[in-house]
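The sequence and structure come first, and the notes follow by topic.

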Amino acid sequence: MAASALLLLLVLPAGAWPGLGLPCWLCMHCSCPPWRPAAPSPHVRMSDGDEWVGLPHVRPTIDISILKGEKCEAGVRGHSSKSRKEGPPGSRGLRGHKGQKGQVGPPGTLCQRAYVAFSVGRREGLHSTDALQAVPFDTELVNLDGAFDLASSRFLCAVPGVYFLSLNVHTWNYKETYLHIMCNRRAAAALYAQPSERSVLQTQSLLLPLAAGDAVWVRMFQRDGDNAIYSERGDLYITFSGHLVKPDAEL
């Protein structure tokens, strides 16, 4: 009961005490108590002005723990900052299982390589009668797909590409030998031998790019003297050959 009264005195303001008729001996600023103690204690000295001193100094204390509220639930976590740096990549995982074998695709088109070759000859000698005279050939040795027209003695190019051409002749004693390997109307190469008392074999060869429709043939070119090539029926001295080295499609 005494503790409850003391707590009430502590929480009430000092101005309310006179109205309640309560003593103010606990107020440190009041020097006039409303009444005197009934009998002074032997430990209390009275002064001349009837003031009493020596009362214990009271310091009130409040238990703060009784004012603490209940614990609340944790709040919602905020969004992570966009400025956060990306961490290092993780280690490589295990290799997966091998998949099933796929179906066989459709067969592709076969690569067809072009083959072109011819080789013709002449078994009779020939003297030029005109300044420009085509050399006719009478013997067919090789003629794949009939590319060389024996009647006109011309090779007609059907597969464009690079061709190897070769001309072989036998010179005539004391006569000049002068021939051209022609591509259409243009002289691509010349075969020449000066007059001599001996007859010998002469050859000329070259690589020549040909387009589709080009015509290759041989002509004799006569100047001031006689122009002739030698041959016999029993032996073949004059030959003209050619074959495709590489078509344009593979260049």
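Cys-157 is buried, at a relative accessible area of 5%. The model is predicted. Cys-183 is likewise buried, at 6%, and the structure holds 0 disulfides.

**Cysteines**
- Cys-157 is in no disulfide, and its nearest cysteine sulfur, that of Cys-183, is 8.7 Å away.

**Nonpolar core**
- The largest nonpolar core has 29 residues.
- Val-135, Phe-137, Phe-155, Leu-167, Leu-179, Leu-210 and Phe-240 have the most contacts inside this core.
- Strands that each supply at least two of the core residues include strand 1 (117-122), strand 8 (177-183), strand 10 (201-210) and strand 13 (238-247).
- Strand 7 gives the most to the core, with 4 residues.
- Leaving aside residues up to four places away in sequence, Phe-240 touches, among others, Phe-118, Val-120, Phe-137, Phe-148, Leu-167, Ile-181 and Trp-217.

**Surface patch**
- Tyr-115, Leu-141, Val-142 and Leu-144 make a nonpolar surface patch of about 380 Å².

**Salt bridges**
- The count comes to 4 salt bridges, among them the pairs described below.
- Glu-250 and Arg-113 meet through their side chains, with N to O at 3.2 Å. Glu-250 sits in the segment after strand 13 and Arg-113 in the loop between helix 2 (17-20) and strand 1, and the two are 137 residues apart. Both are partly exposed: Glu-250 at 35% and Arg-113 at 42%.
- Lys-175 and Asp-226 form a salt bridge at 3.5 Å, N to O. Lys-175 is in the loop between strand 7 and strand 8, and Asp-226 is in the loop between strand 11 and strand 12 (228-230), so the pair ties together parts that are 51 residues apart in sequence. Lys-175 is buried at 18%, whereas Asp-226 is partly exposed at 46%.
- Glu-176 pairs with Arg-223 in a salt bridge, the closest N and O atoms being 2.5 Å apart. Glu-176 is in the loop between strand 7 and strand 8, and Arg-223 is in the loop between strand 11 and strand 12, 47 residues apart. Glu-176 counts as buried at 7%, and Arg-223 is partly exposed at 43%.

Key:
Residues numbered from 1 in each chain as written. Predicted model: local features only at pLDDT ≥ 70, side-chain atom pairs only at ≥ 80, totals over all residues. Heavy atoms only, no water. Core = buried A, V, L, I, M, F, W, Y, C linked by side-chain atoms within 4.5 Å. Buried < 20%, exposed > 50% of the residue type's maximum accessible area, 1.4 Å probe, protein only. Contact = heavy atoms within 4.5 Å. Disulfide = S-S within 2.5 Å. Patch = residues over 30% accessible without salt bridge, like charges linked within 9 Å, V, L, I, M, F, W, Y side chains within 5 Å. Areas by Shrake-Rupley, 256 points an atom, 1.4 Å probe, with all protein chains shown as cover.
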